[in-house]
Each structure stands twice: as structure tokens, then as C-alpha cells.
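I opened the model today and kept short notes.

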Amino acid sequence: MTTRDYLTIDDFDVNGKTILVRVDLNTPMDTEGNILDDMRIKSHIPTIKDLEDAKVVLMAHQSRAGKKDFTTMKPHSMVMSQYLGKDVKYVDDIFGTYARSSISSMENGDVILLENVRFYSEESIERSAKDHTGTHMVRKLSPLVDIFLNDAFAVSHRSHLSIMGFTETLPSGAGRVMEKEISSLDRGIKGGERPCIFVLGGAKVDDSLKVAENVLVNGGADRVLVTGVVANVMLAAAGVDIGPVNLDFIESQGYKEQITRAKQVLDRFNGKIGIPQDVAFNDGGERVEVQVSELPDGNLPINDIGLETIVAFCEEIKNAKTVVLNGPAGLSEVEPFALGTHEIIRAAINSEYSIAGGGHISAEIRNLGFEDKFSHLSTGGGACIDYLAGEDLPGIEALKAAASRYRLNR
């Protein structure tokens, strides 16, 4: 029996059992319905392979109502079939007669993928695990299933039906993706090998400030370096005039009040937060670097950290033993302003243990071909940053509660 406060595949006898696995196959798709990035589909293959002697029922979503890529799971089943080397049957039903008969007729080794769970209106209602148990989905499927596994870390910050509902009615545990996310991110938060440095960028200022506070208060990080819009807010908090266009952008994103909060964080953790010495302006597509102490009166957007800052930050990162990256350093999709992001990524691969949050930073790492050089690339965007900020993820908390009940009844 594991000493974790949640269960994993290793805690169950899965052979011959029917296992319901909530996976996250939500992927970028083109207008023709073709999958553009199969990273998330590929990530679940180890979980499914560890269930090769069981009957595996996959449950997933694609996009959400109102979006152009809100579509069926058929393309996902085809890609997954290629990775597994065997047929993954697509069932265009969630819990109706066809879905239930498909599950009942399965044999060991079979894998089926049910229809997009968000086609069911109650899926996205946020409520407790117990409240979800009364839904048709849980009541219809639970009698046909022996074990529930949540392998969808990226959606586990949502208290949605398919994440929460089955944890009350079935023995429940974490799949391999979920297990790796928790153990890897814990190593970052709790500061594995020292020094441990967090590099927080992107545009999610409030979330990044939560992460900075969490890891500095708990001693998980020795230093926090800030880039992107987070850095602009920190510069403004430090009394730097970053110009109207940058302040207007901060206000348009709803982060104006975060400047005051950033000042409090800077004051509280003086010396432990690294802010840029210079920045790169976007002057009609041209990269113009200026010292923070000599910012002009002009009105140009700051789109990257400057070269001096890149060199200084990279030196700190290279000397760290644990590095956690979240968010790009600038407008990384535009070539002149990708420099900061790319150099920080290159520096991070020199550390003993490197973690990258989901979203833009992971995409840039894959674009550079450095995916295998990182210790862990998170599959979650919002879920990852919530976890790093020390917040409880409903999906994980539901697994912990299920583990307590399971052990009590053994």
C-alpha cells in the first residue's frame, strides 16, 4: 500500500476489471477537424498500457460549447489507436443505451472512448462530489465499472462532474499523468535540490503573485525571477514609469490593483525577487533595448526583457539545481521578442531538475525541440499554476477523500 494520501493504479488489482479513466484529450484542432498537437493524447499512453489486462473506458472532453472546435472525440480515438497499436473504439454516446451496451460487451484488453462529456449539460456545473452523484451520468455508468481513475490533471482545478462524481461511488485513484504531475510539482514547490529558482512570466499576474508568495513563504524557492507582464507590474510597483501603453494594457487585463499587491510582495521578500534591469521595446517591429533606469518618455510596448537581464537571469538559472518556469518572458510568438524566453529555456536545461508549467512556455520548449531535456513538462495551464500557488485542486482533493474511505473499508 502506498504512503501517499491518494491511491494510484498500483493500489488496485486491475486485471480483468472495468476501469473508467478520465483523461484530458483537449487539443488544438483546425477547421477541418484535424488534430494539430497530440501531446496530451500521447501523455496518457503509459496509463492505458498499465491497464492492458483490464477493460478500459476512456472519458474526455474537447473544447467547450460555443467554440469552433467543440466537436466529437472520433479524431482523438484514431490518434490514440495509432499510439497504442490497437483499435480504440469511438462510442458516440456518453451514458445512454449504446454506451452502456458497449461497456458491458467489452473483453480484457479492449479500450473504448466515450463521446465528449461536455455534450452533456451537467458536466460543467461546478459542485461537490456528493452533489454530482445524483446525475444520470454517475447513476448509469457506476454499476458497470469497478474502478475510477482520474488522469486529467489539467482539468482537476474544476469541480466538474466527470472529475468529481465517480469518486463518491467507486474505488478511485490517480492515473500515471496525475501521479507524475503531483510528484513532480511537489518537488518544485517543496524545493528539491538547492538552490531552487522560480521564473514567473506571461500575463497571469494575480496567479504569478500567488505562486511567488507561496514558494517564498514556505521556503520552497530561494529566488523568484519575474518576466513578461508580471515583470512590468513589478517594475511599476517599484516606482518605475513603464509608460502609458504598458499601464493601459495592465489595466485592460484587470490587473491594475495588482501593482499595489506586487509592491507588498517586493517589500516583504526584499532581495529574493529578481526584476529586470533592462527591457526590450517594440518600435514598429524593431527590438529597442533600454535600461530600466533610463526609460524614455515615449509610449512603446515592452515586449521582452533586455539582454543584460537575460544574461543575469540565465546565470542564476544555470547555477540553480531546481528550476521551475511558468509563462514566457515576452511576446515569444514574434521573433525579435522571443529571445528572453528561448535563452531562459536553454539555461534551464542545465539544472539538475527542471519543471515547466503548461501553456505557452511548454509550447515554446517543444518548438525548440527541448521537450526531452526537461525533467517535467506539465500538461496543465490553470491547474498547474493553481497547484504551484498552493491551492487545493478539487479533483485531487476528491481522490484524497476517496482514498481515506477506501482504506477505512479495507
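I started at strand β8 (residues 223-226), which two bridges join to β9, the two running parallel. Strands here are DSSP runs of E, at least two residues, and helices are runs of H or I, at least four, numbered from the N terminus. Two strands pair if DSSP finds at least two bridges between them. Leucine 225 stands opposite glycine 274 in β9.

A note on the source: this is a predicted model, where local features need pLDDT of at least 70 and side-chain atom pairs count only at pLDDT 80 or more, while totals for chains, interfaces and linings use all residues. Residues are numbered from 1 along each chain as its sequence is written, and side-chain values use heavy atoms, without hydrogens and water.

Next I traced the whole sheet. It is open, with six parallel-paired strands in the order β9-β8-β7-β13-β14-β15. β9 (273-274) and β15 (376-377) are the edges, each pairing on one side only.

Then I looked at helix α10 (residues 228-237). Ten of its ten residues are buried (under 20% relative accessible area, exposed being over 50% and partly exposed in between, with a 1.4 Å probe and protein chains only). Glycine 239 follows α10, and its phi is positive, near 90°.

Last, I looked up serine 63. I found it in the loop between β2 (55-59) and α3 (74-84). Is serine 63 buried or exposed? Serine 63 counts as buried because its relative accessibility is 8%. Beyond neighbours within four places in sequence, its contacts (heavy atoms within 4.5 Å) are Asn26, Asp69, Phe70 and Arg118.
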